[in-house]
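Subject: Handing over the model

Hi,

Here is the structure I promised to pass on.

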Amino acid sequence: MSETISIPGAVIAILLPWIMGSAWIYWLLGRTSRWNLWLVIGHGYLFGLFVTTGVIRAWSLTGLPLSFAGIASCLSAIALAGAVLAWRQPAQSNRGMSRASLPLWEVLFCAVILALLLWRYSTMLQEVVLRPLFPWDAWMNWAPKAIVWFHYKELVPYVSPETWLNAPADALNYTLGAYKAWKYPDGVPLVMLWGMLAVGSSDSTLPNLPWIFISISLGLTLYGHLRLSAIPAYLALSAVYLLLSMPFLNVHSALAGYADLWVAATFGCAVFAVAEWDNSRRWPYAVLAIYCALFCAELKIPGLVMAMIAMGFLLLSLPNIRKQYLIALACLGGLAVIAVFLVGLDVTIPGLGRIALGTSQIAVPYIGEFQIAWHSITPAMLNTFFLMINWNILWYLVAVLFVFVIVKPRLLVENFVIFGALACTLIFLLFVYYFTGRYKFALDYTQVNRAMIYLTPICAYALAVTVATRWRSSR
């Protein structure tokens, strides 16, 4: 049976969650005077899609067939509720950005940057619309779930290959080609499913449009948070350009289907929100950090670790203690972890699973079990960071940034959340590729590039803050 493509449905699938999310973010951030329109729009898209995935899950629990009209009606009701709250409780005066007029050179500079970004993303938009789903990982891990759910109009369970082989012939369950993909989080397939329900087809490229808009919303959120930190407009926009023009990040927008871009966006926005909470103590930003971390955790298994890093820094920022003490506490925690590794730990917690820490093996529930051994992959890592053209000049700038932080440790204390999250994420990724079986994916360059995307939003933020701090100190 042929499927009719609904263009209006595709437009609604993009705009409805965005409008709904923006209404609620406007109401939330309006409780404080530290907000701006860029944050409302940027976080609004992320929050809207997060709520959309939740509504789809809730709809499935009712036993009713998945219906675009029904789910869209629920989202419209949620949007209306947010709009009513925002109307009844007007936002406080916005002091999140300077209202001083920009000099002509800065206006022209920003106009050129925006024109370049507009051109770049308009060409990538054409690529998404014209190219069928292409990435191997999308076909192996993410798209099959959405396609099956679309045709059955229910969230059919996915099980392990062994369970699937032993199930009776009439059992309504599926498995995936990648051995462990059946238990991957469902966030990305649900986003794809929402688009398929909207356009009325699983064979259209239009459900892939969110891969363009997630990058745009990330850029808007980065700009909004930098402006909250009193970063000049031209410098904040330069950081956005550095991030959004990155070739490897652009590949993940143009070749829609991977989950890594979504993890990078949600994790980056969570860290930005934690940094603002740590700086201003406005509770809405703690709420933003929590929803971003929850969304990150439902996207990919590494997203669970990224979410824990973000929430860890949120917890560290809760007590009213000096940052120097937090840094000392982090060092003591690291020493405690090392001691546990040397002594060894192996326990099974009912309902949770096995936890093992040792010099030869590590096991963490929901993440996996890994044999620990050193693997010499330094040449491959250096090639990844400094010789390949996938990152523009990002990692050269980051190398200079680390030197500057060592020379000026005050910058580390003042931006503890940003630099702490950057360091923890880098340590986690280096541990994975130097000490586990994942080292093979660094040697053949098939995975390590994708994993490093998680760092890029925080790197762009840290670079902008460092340059601004240096500029102010020189004046």
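A bit of housekeeping before that. This is a predicted model, so to speak of local features a pLDDT of at least 70 is needed, side-chain atom pairs count only at pLDDT 80 or more, and totals for chains, interfaces and linings use all residues. Residues are numbered from 1 along each chain as its sequence is written, and side-chain values use heavy atoms, with hydrogens and water left out.

**Cavities**

Rolling a probe the size of a water molecule over the atoms shows where empty space is left. On a 1 Å grid over the protein atoms alone, a cavity is a set of points where a 1.4 Å probe fits but cannot get out, and lining residues have an atom within 4 Å of a point. Grid points are joined across faces, edges and corners, and a volume is the space filled by probe spheres set on the points.

On that basis there are two cavities of 30 Å³ or more. The largest one holds about 50 Å³, and its lining includes A10, I14, W194 and P210. Two elements give two or more residues to that lining: α1 (7-29) and α7 (187-199). Helices here are DSSP runs (H or I, at least four residues), numbered from the N terminus. α7 has the largest share, with four residues. By class, the lining has nine nonpolar residues, one polar and no charged; Ala, Val, Leu, Ile, Met, Phe, Trp, Tyr, Cys and Pro count as nonpolar, Asp, Glu, Lys and Arg as charged, and the others, Gly among them, as polar.

The second largest cavity also has about 50 Å³ of space. Among its lining residues are E127, R131, F134 and N208, and the classes come to seven nonpolar, one polar and two charged.

**The second largest pocket**

A pocket is an open set with protein on both sides within 12 Å along at least five of seven lines. This one holds about 540 Å³. Of the 22 residues lining it, L411, E414, N415, V465 and T469 lie nearest its centre. α21 gives the largest share, six residues. The lining has 11 nonpolar, five polar and six charged residues.

**T466**

Helix α21 (residues 456-474) also contains T466.

Cheers
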